[in-house]
Amino acid sequence: MGSYVERFENSIADFLGAKHTVAAVNGTSAIQIALLVAGVQANDEVIVSTLTFIAPANAVRYIGAYPVFIDSEAEYYQMDIQKLACFLTEDCTWNGMELQNHHTGRRVKAILPVHILGHPVDMDPLMELAAKYRLVVIEDATECLGAKYKKNMAGTIGDIACFSFNGNKIITTGGGGMIATSNETWARKAKYLTTQAKDDPLEFIHNEIGYNFRLTNIQAAVGCAQMEVLADYIAIKRRIAATYNQAFSDIPGIQTMPEAPWVFSIYWMYTILIDDKLFGVDSRYVLRRLQSDKIQSRPLWQPMHLSLAHHEAYAMDCPVAECLNRTALSLPCSVGLKDEEQQRVIDVVCSCAKH
Ligand SMILES: *Cc1c(COP(=O)(O)O)cnc(C)c1O
């Protein structure tokens, strides 16, 4: 115990303009707890983007609920809100009180938009649909600390949001997470559940099953220090992205990383799309060429509707996410990347072009 957990929570709350924040041991547990306090129950369904790291879909399963997977849109690679609307109107039945997926018979309770790669989901139409069908919105903002959707910080638009301070995120505490919400009851419940559900300050009385999901004071102290460099890190990420975008702007077959006009992206993971017909070779060829030059690059995640881990989940057709999985390549973009290192990445990528 100690004072740093509260200081870190307050620091994130101030930065976001969020009413309440609750620290957690990592982002995945933060999502698990957010789902619980938002009232998602076993056998409910939670709508998730199919193109995401697996953690949010797993968190849904930890509480006995099921994800429903929605395709990405082709422009910014985020959850496709038109397809979401199609699912809600065509695959579900609304009885005036709740929504039922008529393929599975399960109640649809929440939407869990994942803001991937540092770029927010188009939240206004999503929030409208959520209001229409009384769905709770749980933002996975783990890749998006500091990004803005219109005037608002990612993670302050839905009913509750989660952040991660894993080693690969924009700031890190080694491992760590945070829940943000304007709902005081939910925040208090989240604190209670993440700290073993203690019901007495002295006696060991527990009226519910809680979790040991507390962030340690040591990690929180690291988090406080990391908050001092966050603004610089965001500026560096944006500069790295601008350099790549310019270098690749007139290479046929490379799609640079987009930013919607209504968005401030933190470009957490700089990702290009490679059109093999125009470029001459495909994304995996470029990946192997970079690898042979000792430069690490990564494809995007296998879309969740194709993951054996989630074969029980209902999914819409997701052709865009499947195409993104084939064509995308994430390039080195650490805040420690030097100019000459970035130039070497650019040179190797460009040297792969056949046309
Ligand atoms: C990193 C990440 C998480 C989970 O974070 P951990 O702190 O590693 O548990 C959840 N969702 C997405 C999309 C992530 O990228």
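User: Which helix is T194 found in?
Analyst: T194 sits in helix α6, residues 184–194. Helices here are DSSP runs of H or I with at least four residues, strands are E runs of at least two, and both are numbered from the N terminus. Keep in mind that this is a predicted model, where local features need pLDDT of at least 70, side-chain atom pairs count only at pLDDT 80 or more, and totals for chains, interfaces and linings use all residues. Residues are numbered from 1 along each chain as its sequence is written, and side-chain values use heavy atoms, with hydrogens and water left out.

User: OK. Is T194 buried or exposed?
Analyst: T194 is buried, with a relative accessible area of 1%. Buried means under 20% relative accessible area, exposed means over 50%, and partly exposed is in between (1.4 Å probe, protein chains only).

User: And what does T194 touch?
Analyst: Leaving out residues up to four places away in sequence, T194 touches V22, A23, I33, Y211, N212, F213 and R214. Contact means heavy atoms within 4.5 Å.

User: What does the side chain of T194 reach?
Analyst: The backbone oxygen of K191, at 3.0 Å. A polar contact is a pair of N or O atoms within 3.5 Å; within protein, one must be able to donate a hydrogen and the other to accept it, and residues adjacent in sequence count only if both atoms are side-chain atoms.

User: Switching to the ligand. Which residues come nearest?
Analyst: There are 16 residues around the ligand, and G27, T28, E143, S164 and K169 come nearest. To count as near, a residue needs a heavy atom within 4 Å of the molecule or strand in question.

User: Now strands. How many residues of β2 are buried?
Analyst: 5 of the 5, residues 45–49, so β2 is largely enclosed by the rest of the structure. E45, I47 and S49 point one way, V46 and V48 the other way, and all are buried. In a regular strand the side chains alternate between the two faces of the sheet.

User: What sense does β2 pair in with β3?
Analyst: Parallel, over 5 bridges to β3, residues 66–70. Two strands pair if DSSP finds at least two bridges between them. The bridge partner of I47 in β3 is V68.

User: What's the strand order in the open sheet with β14?
Analyst: β12-β14-β16, 3 strands with antiparallel pairing. The edge strands are β12 (254–255) and β16 (328–330), each pairing on one side only. Helix α11, residues 319–327, packs on this sheet, touching β14 and β16, and its direction makes about 55° with that of β16. That angle is between N-to-C directions on a scale from 0 to 180 degrees, with axes as lines fitted to C-alpha atoms, for helices over the stretch in contact.

User: Which residues are buried in α11?
Analyst: A321, L324, N325 and T327. The buried residues of α11 pack against β14, α10 (283–292) and β16.

User: How many disulfides does the structure hold?
Analyst: It holds 0. C333 is in no disulfide, and the nearest cysteine sulfur, that of C144, is 13 Å away. C352 is in none either; the nearest cysteine sulfur is that of C350, 8.7 Å away. The cut-off for a disulfide is a pair of cysteine sulfur atoms within 2.5 Å.

User: Are those two cysteines buried or exposed?
Analyst: C333 is buried at a relative accessible area of 7%, and C352 is buried at 0%.

User: Last topic, backbone. What is the phi of L117?
Analyst: Positive, about 65°, although L117 is not a glycine. Most residues other than glycine have a negative phi. L117 lies in the loop between β6 (107–112) and α5 (123–132), and it is buried, with a relative accessible area of 1%.

User: And where is A197 found?
Analyst: In the loop between α6 and α7 (217–227). Phi of A197 is near 50°, a positive value in a residue other than glycine, and A197 counts as buried at 0% relative accessibility.
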